[in-house]
Structure formats: structure tokens, C-alpha cells
Amino acid sequence: MKDFQLENRKYVIGTAAVIIVAVYLVRLFTLQITSDDYKKSADSNAFLKKVEYPSRGIITDRNGKLMVYNQPAYDIMVIMNETKNRLDTADFCAALNISREEFDRRMETIKDRSKNPGYSRFTQQVFMSQVPEEDFSMFQEKMHRFPGFYIQRRSIRQYQYPYAAHVLGDVAEVSPADIEEDDYYIPGDYIGKLGVERSYEKQLRGEKGMQILLRDAHGRIKGKYQDGALDRQPVAGKNLTLSIDLKLQELGERLMEGKIGSIVAIEPSTGEVLCMVSSPTYDPRIMSGRQRSKNHKILGNDPWKPLLNRSIMGQYPPGSTFKTGQALTFLTEGIVTPSTMYPCYRGFYHKGLHVGCHGHGSPLAVNYAISTSCNAYFCWGLYHMIGNKKKYGKVQNAMNTWRDYMVSMGFGYKLGIDLPGEKRGLIPNADYYDNAYKGSWNGLTIISISIGQGEVNLTPLQIANLGATIANRGYYYVPHVVKKVQGEPLDTTFTRRHYTKAQRWAYEKVVEGMRASVIGGTCHSANRSDYEVCGKTGTAQNRGQDHSVFMGFAPKNDPKIAIAVYVENGGFGADYGVPIGSLMMEQYITGKLSEASMKKAEDFQHRRISYGSRNR
């Protein structure tokens, strides 16, 4: 008779053996195929892969003046697997002049995968970045005492002048989001955060190199693996030539001291931005090196918002500078002719509605309306356009036709400048007013948009671009702050003409009005004998003191510069906008200021506008 108990035991033992073998096979598969822990460990024992960082491209102004360059600095790297029980922490901290608490905090941060998603104990991690050369020299002498720590040569950005911070931007350590977005980066790398440093990051950063070094069993470097056959040399980043004129930028920032607002100047024939001033500003040199994070936090907490680039992010009522666009629309659409006369009895009066205006001759035609900045003329023009049912059928069609003209002039949408953060402003359409007034509205309801008030908002860049478009008599190039990228053609986005819906003959009439404004109108203080200036003031209404605005260009028939000046709470356009714009045009066209203009510039530099304690 068979011993069934023995028979069953045989099967149990056999099954257990099979399970054990299977577990070992799965573990071996995991270790050898799906896990790279052992491979990393073996590689880290045999090789040291040392990243070689390229030199970041330098940046110059349009005349070749060096604005941004590189200085050597050093990162201290650590391979965590090599430091175990082998590091004299007290000696290490003394060599770097840091506390034990800071040492522990840095080591914990390295191992925190939420902050350092690429962490591996077998690969180099950044322990301390941007160590100045003088501190590095002292540490290097003791390097042999600190197993697992290595030196990585880097460079840090240096900004030559205290100007153009909003254009240049800055460079800082990559965030986890940067790493996730682009696999070029690893923890400890640097990336452009603002300005052209951000928008031209891929051109400026270059390409990393790699050295593969052979190590012995004790971790000592024995030389290059395969005599460097597998090494890859870094490729330097490309240099940028900005369209910015540094002298003009410097003057603009001086003139805007103690004021909130912006100056934007454009070369009409190319769309190149000659200066971009946002005030208040800051010195870009404080955004470099190991103090960058601390200084960025201080600027970010400043209630006057110096980090805000008001030139492209500030959205303001354009005031009377907007009347030029209205004249172009009314003339091209046949709502008015050059000889159409409208009355102004210190303002627009119709059906109980009153929009005020200053005293001047009446009735008046379009060129005189521009030169005197007559509110009534443009109110009548919009009223007759929106109410023209014979031409448009209904107010919604008229409104959207008006909107199409505005959009063609570069309003209501981003222009596409090569800087991050541009805002679009606001140009309302029929749907906007249908929603606001439940479909019951007419030209009188929205009359304020005819004079650049109400719902209309533009950026200073858009106002400057309006000036460039009028200077060109009907077209513009997308404004851009980079004139040239080393070894690359300029993006065609910046070389195509954009034509508006208005006719050239209408532009000529508007130019006549802007010229008349300088000869004997609201811009008369900008008049000169050596070149013809064309201009338009704006006094943008505000809950407090009005904003002072100026838009213009010069010379009239060979325009070299178009400009917009926007000074918050500066009062009439003639108070701040016109004199500042006039000084800026003189500097660019003649290359210097006259003695009288220098005194005037010094006066405006020291003028301060009181803004109280309001958070801006």
C-alpha cells in the first residue's frame, strides 16, 4: 500500500522549490533588466561623467556696446553614494564657511525628490552653486579631504550697466517645471527667467559637452576613458545684438525717475525697439549671483511693482492719442471727408449727453481737430458711424467694422514682441456691448471710446506702434528688441509688413494734423527748426490725477523714430509726455542733447510725482 503522506510531501517540497526558483528568477530579471541601480553603481565606480557647460552668448546694444557677459564661477557637486561615513563634516563646513545646519539642509534638499526629481545617489548633484573664485580657491586646496565632492566650472551672468532690466531679464536655477518641459536641463542648470534671457534661451544657452573620466577602485581619477574618444565638446551660445540704443535707454530711465509709467521708441522702417523704459525699474546687476533669489523676493514684495514691465504689461486708456486712429477710420469709411466740419461748444452736446472740451475755434475740420485735440469732433464722428444704418444696417455691424479697423492697427491683440509677458489690451466689439447693455445701445452709449476712454485699453508698446504706423503711412513691422542673432537670419515674423485697413491718403491727412499740433497746437513745445516733428498729446482721464501721454515721430518725411510716453498721474499731455518725448527724439536724431536740453533733462529727472501709499 502506497504511503500517501510521503507522496504528498514530495509534491509540497517540489512546489516550494519551484516557487523559490521563480522568486530568484524574477529578482534577477528585476535587477538586471528593469532596474539600473547596479548599473549606476558599477558605472559610478568606474566612470565619472562630467558635464561641461557652454559659455552663454553675450548681449550688446545696437551700436556694439557690451551689455551682458559671463564671469567664471564654480559649483560644488556631490555624489551621495561616495560620502557615506567618509566625510569629516566639521572640517568641510569650516572650509566653506557654512554652519552644520546649512550643510544638513542642503543635503536633505538634494535627497528631496519633490524638489530634485532627477535625484540619484550615484550621479553628481549640486551641493552649492555659484561659488565665487576667491572662495573656491580656498576650498580647492582641501578638496582631497572630502570624498564624494567635486568642482564643476560654470559661469554667471554679469550686467554691465544699471539699465534695461526689463529688456535683458535675468538667469536663475531651473525649476522642476523647467526640467519637465525640456529634457535638456538637469537639476542645478540655469535658465533665462525674464526678458531676452528667457525668450532667446535656446540660442543663448549653447550645447553642453561631456567628459568621461576613468576611476580606480578607490575612486581616484586615472584619466580620460578611451583617451577622450567619447568626450563631447561644449558649443558656446549665440551672441545677441539688441535693437536698443543704450544712450537713449539711459536718458529715458533718468527722465522717468520718481514717476510711474513707460517710454517706448521704435524705428518705423524696421520695427526695431530703440528703447523700452518701464518705471519704476531696478538695477539688473542685483539679479546675478547667489544674492539673486533674495533680491528677487525683495523686488517682488515692493508695492510699486518694479518687476512689472509696464511697456508691454501696463494696460491704459490711450486718451487723445487714440483720436488719430479714429480720424483714419472715419476718413477711410467715408463718415467724414477732409472738409467735413463739426461744431464744438466747449464739448459735445447731444440729446442731453455732454462730453467736455477746452476752448478753440469752431466749427473745425479733421486736421484742426487733431492739432487742437478736439473731443467733440471725434464724438460726432463715432456717433455718425455707429448710427449709419444706411451703410451698415445695424449698430452691431457698424461696431464690428470699427473694431476691425482698430485690430488692423495693432490694438486688442498682442503685437508679438520677442519678450515674455505681453498683454493684449482691450478693444470692445458688438458682443461686448450686447452683453453689457442687453442689446440696447447706440453711439451715444459708447461715445467715450472715440476719445480713447471708456472700455479701450492699450499698452504703451501699442501706442508707440501706432506712431510707427502713421510714420510709415499705413503699415508696421512687429516690434522686436533683438536686431540680430549670431549665425541666424531674423525671424520672418519681424520682417513682414502689416498693412492696416485705412487708406494712405487718410494717413497723409492725419500726418498734417499731427504736424499742425507741433507747429501751433497742443504739442508746440516739441517744435524744432532742424527737423520736423509730428505729435499728438493725450490726457487720459483717471480716478485721480489724469495720465500724461504723448505719441509722435520725427522727422516727418524721413521718420527715424516713433515714440510713446506714458506718465501716470502726470496731468496734461503737454506737462510730461511732450517734453520727455521731445528730449528723447532729440537724443536719437542728433546723437546728443543741446546744452539747454541737458538742463531741461536734469530738471525732469529730479521732478517727482506724489503717488501716496497706494499699492500699484
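Two strands count as paired if DSSP finds at least two bridges between them. Keep that in mind for this tour of a predicted model.

**Stop 1: a facing pair.** Select Gly 538 and Val 549. Gly 538 sits opposite Val 549, which belongs to strand 19. Now show residues 547–554, the whole of strand 19. Strand 18 and strand 19 are antiparallel and are joined by 7 bridges. Strands of a sheet pair through backbone hydrogen bonds.

**Stop 2: the helix on this side.** Select residues 504–520. This is helix 20, which packs on the sheet and touches strands 18 and 19. Its direction makes about 80° with that of strand 18.

Stop 3: Show the 5 strands in the order 12-11-20-19-18. The sheet is open, and the pairing is antiparallel. On average, neighbouring strands here are turned by 5° against each other, direction ignored.

Stop 4: Select 246–255, helix 10. Helix 10 lies across strands 11, 12 and 20, at about 25° to strand 12.

**Stop 5: the cores.** Which residues touch the most other members of the largest nonpolar core? Select Val 196, Leu 242, Tyr 377, Met 399, Trp 402 and Ile 470. This core has 99 residues. Helix 15 (375–386) gives the most to it, 9 residues. Zoom in on Leu 242. Among its contacts beyond four places in sequence are Ile 59, Met 67, Val 196 and Val 481. Finish at a second, separate core of 33 residues, including Val 567, Ile 580, Ile 609 and Tyr 611.

Definitions and conventions:
Residues are numbered from 1 along each chain as its sequence is written. This is a predicted model: local features need pLDDT of at least 70, side-chain atom pairs count only at pLDDT 80 or more; totals for chains, interfaces and linings use all residues. Side-chain values use heavy atoms; hydrogens and water are left out. Helices (H or I, at least four residues) and strands (E, at least two) are DSSP runs, numbered from the N terminus. Axes are lines fitted to C-alpha atoms, for helices over the stretch in contact, and angles run from 0 to 180 degrees between N-to-C directions. Contact means heavy atoms within 4.5 Å. A nonpolar core is a set of buried Ala, Val, Leu, Ile, Met, Phe, Trp, Tyr and Cys residues joined through side-chain atoms within 4.5 Å. Buried means under 20% relative accessible area, exposed over 50%, partly exposed in between (1.4 Å probe, protein chains only).
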